[in-house]
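Me: I'd like to go through the salt bridges in this one. Can you take me through them?

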Amino acid sequence: MADAELSAAAAGLSGSDPGHPEATGRRAEPNPKGVSMSDALNGKRVAFLFANEGVEQVEFTEPLQAVREAGAEAELLAPEAGEAQAFNHLDKGDVFDVGGVGEAEAEEFDALVLPGGVANPDQLRTSEDAVAFARSFFEAGKPVGVICHGPWTLVEADVVRGRTLTSWPSLQTDIRNAGAEWVDEEVHVDDGLVSSRKPDDLEAFCSKIVEEFAEGVHERQRERTAAA
């Protein structure tokens, strides 16, 4: 899919998605610190990482729209370069052009977004390149946004130990077993790590990732990753 088509697809998800009973598609409000959404991320590059099949479409297109509206450049990455098949819950959604994560350099990006979808992170966590790419953002102290089933990749990367985050409820045992505290919150922020539970949380999630991405490197995140 061409970039213009991708932007149109993201912009078009403004209503409830019938394929997912919890997808509301609400727009994010300006963040509480008063940073203008139109320029908060000027000059920044954000990576969106998901599997070639299985990502929950609304969980990356709405954050994608939010960071682009805030002035950031964004790149879609997957284990294999080419195309990625998105889903609306269990139904196939749109197909998107993606670059290969193995050919990407984390140093070229300022922040990372890991969307959900059940099959997406289950596949992503088997990709050594994807797991290493995600971990490198924590090692560098760069902010990360993760939603729904997305934390499975972070569990595999061993970067949640000692942290507090939320997710889709079925992941809470895995997250606790990986050494983290799980909370049932619309959005939770822990030293640059922004997490949310489900599509209903997208308004809060999009607002918070823009805020945290605008703040840049979180030194405490880098220190905690090194100590884990």
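Predicted model: local features only at pLDDT ≥ 70, side-chain atom pairs only at ≥ 80, totals over all residues.

Me: How many salt bridges does a search of the whole structure find?
Reply: Ten.

Me: Where do Arg 135 and Glu 139 lie?
Reply: Both are in helix H4, residues 128-139. They sit four residues apart, about one turn of the helix.

Me: New topic. Which residues are linked in a network of salt bridges?
Reply: Arg 45, Glu 73, Glu 75 and Glu 108.

Me: What is the N to O distance for Glu 75 and Arg 45?
Reply: 2.9 Å. That pair links distant parts of the chain: Glu 75 is in strand S3 (residues 73-78) and Arg 45 in strand S1 (residues 45-49), 30 residues apart.

Me: And Glu 108, how far are its closest atoms from Arg 45?
Reply: The closest N and O atoms are 3.8 Å apart. Glu 108 lies in the loop between strand S5 (91-100) and strand S6 (111-114), 63 residues from Arg 45.

Me: How accessible is Arg 45?
Reply: Its relative accessible area is 24%, so Arg 45 is partly exposed. Glu 75 has 28%, and Glu 108 has 45%. Both of those count as partly exposed too.

Methods
Residues numbered from 1 in each chain as written. Heavy atoms only, no water. Salt bridge = Lys/Arg side-chain N within 4 Å of Asp/Glu carboxyl O. Helix = DSSP H or I, 4+ residues; strand = E, 2+ residues; numbered from the N terminus. Buried < 20%, exposed > 50% of the residue type's maximum accessible area, 1.4 Å probe, protein only.
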